[in-house]
Amino acid sequence: MATEEVNKPPSLPSYPQLIMNAIEALNDKNGSNKTSISKYIESKYGDLPAGHTTLLSHHLNRMKQTGELVFLKNNYMKADPNAPPKRGRGRPPKPKVPLPPGVVLTPARPRGRPPKDPNAPITSSKPGTGKPRGRPRKMARPEGGITGNSTLISTGSGRLRGRPPKVKTSPLTEFVPLVIEDDDDDDDVMISV
């Protein structure tokens, strides 16, 4: 047993029947809105359950979804039995044209790139260019390092490619004595190298 049947008095018809009776009695050509249906039911059947508005909204929505009622411009109307079925959202599909007899359809081409034939011979896309495909190999670094013979990597303009090598300063190999002379008791000091 449903909850709405427990809450209503025994003399009250079911809510879908109440709604249909109210719409027929109001007989408005544009349909009846929820408040007018509710007021009609309250005036005709005075003793209604406590959750009348909730039950009315629930049954109106359910009847709208099942197609018993049509909801148009905030009004509910009885569905026309001769009306065409309600169309869904989106663009309708194109009508299919029947094929003449004797024509056989070929299967549709699959999506994506076709697979390669494993038995097909390998062919170059540009024959006769003489250059290998892809990025050229790195040149081997000279054995002497950066300071070695750098003419192998030089270009035609006389300059080396890339960042110039760091110039290394040679450390002092001879010891130069530092002589400090002080003639008198002055504060000035003479240094000679």
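Visitor: What's the angle between helix 2 and helix 4, and how far apart are their axes?

Guide: They pack at about 80°, and the axes are 10 Å apart. An axis here is a line fitted to C-alpha atoms, for helices over the stretch in contact, and angles run from 0 to 180 degrees between N-to-C directions.

Visitor: Is this an experimental structure or a predicted one?

Guide: It's a predicted model, where local features need pLDDT of at least 70 and side-chain atom pairs count only at pLDDT 80 or more, while totals for chains, interfaces and linings use all residues. Residues are numbered from 1 along each chain as its sequence is written, and side-chain values use heavy atoms, with hydrogens and water left out.

Visitor: Okay. Which residues meet between helix 2 and helix 4?

Guide: From helix 2 you have Y15, P16, I19 and M20, and they meet H52, L55, L56, H59, L60, R62 and M63 of helix 4. Contact means heavy atoms within 4.5 Å. By class, this contact has 8 nonpolar, 2 polar and 1 charged residues. Nonpolar covers Ala, Val, Leu, Ile, Met, Phe, Trp, Tyr, Cys and Pro; charged covers Asp, Glu, Lys and Arg; the others, Gly among them, are polar.

Visitor: Let me zoom out. How many helices and strands are there?

Guide: The protein has 4 helices and 4 strands, in the order α-α-α-α-β-β-β-β along the sequence. Both are DSSP runs numbered from the N terminus: H or I over at least four residues for helices, E over at least two for strands.

Visitor: And how much of the protein is buried?

Guide: Of its 193 residues, 15% count as buried. Buried means under 20% relative accessible area, exposed means over 50%, and partly exposed is in between (1.4 Å probe, protein chains only).

Visitor: Back to helices. How do helix 2 and helix 3 cross?

Guide: Their axes come within 9 Å and cross at roughly 100°, so helix 2 and helix 3 are roughly perpendicular too. L18, I19, N21, A22, I23, A25 and L26 of helix 2 meet S36, I37, Y40 and I41 of helix 3. That contact has 9 nonpolar, 2 polar and no charged residues.

Visitor: What about helix 3 with helix 4?

Guide: Helix 3 (residues 34–44) and helix 4 (residues 52–66) have axes that come within 11 Å and cross at roughly 125°. That makes helix 3 oblique to helix 4. K34, I37, S38, I41 and E42 of helix 3 make the contact with H52, L56, S57 and L60 of helix 4. These residues divide into 4 nonpolar, 3 polar and 2 charged.

Visitor: Which residues touch the most other members of the largest nonpolar core?

Guide: Those are I19, I37, I41, L56, L60 and L69, out of 16 residues in that core. Helix 2 (15–26), helix 3 and helix 4 each give two or more residues, with the largest share, 6 residues, coming from helix 2. A nonpolar core is a set of buried Ala, Val, Leu, Ile, Met, Phe, Trp, Tyr and Cys residues joined through side-chain atoms within 4.5 Å.

Visitor: Tell me about I41. Is it buried or exposed?

Guide: I41 counts as buried because its relative accessibility is 0%. Leaving out residues up to four places away in sequence, I41 touches L18, I19, A22, L48, H52 and L56. The C-alpha atoms of I41 and L18 are 6.9 Å apart, though 23 residues separate the two along the chain.

How values were computed: Parallel < 35°, antiparallel > 145°, perpendicular 65-115°, else oblique.
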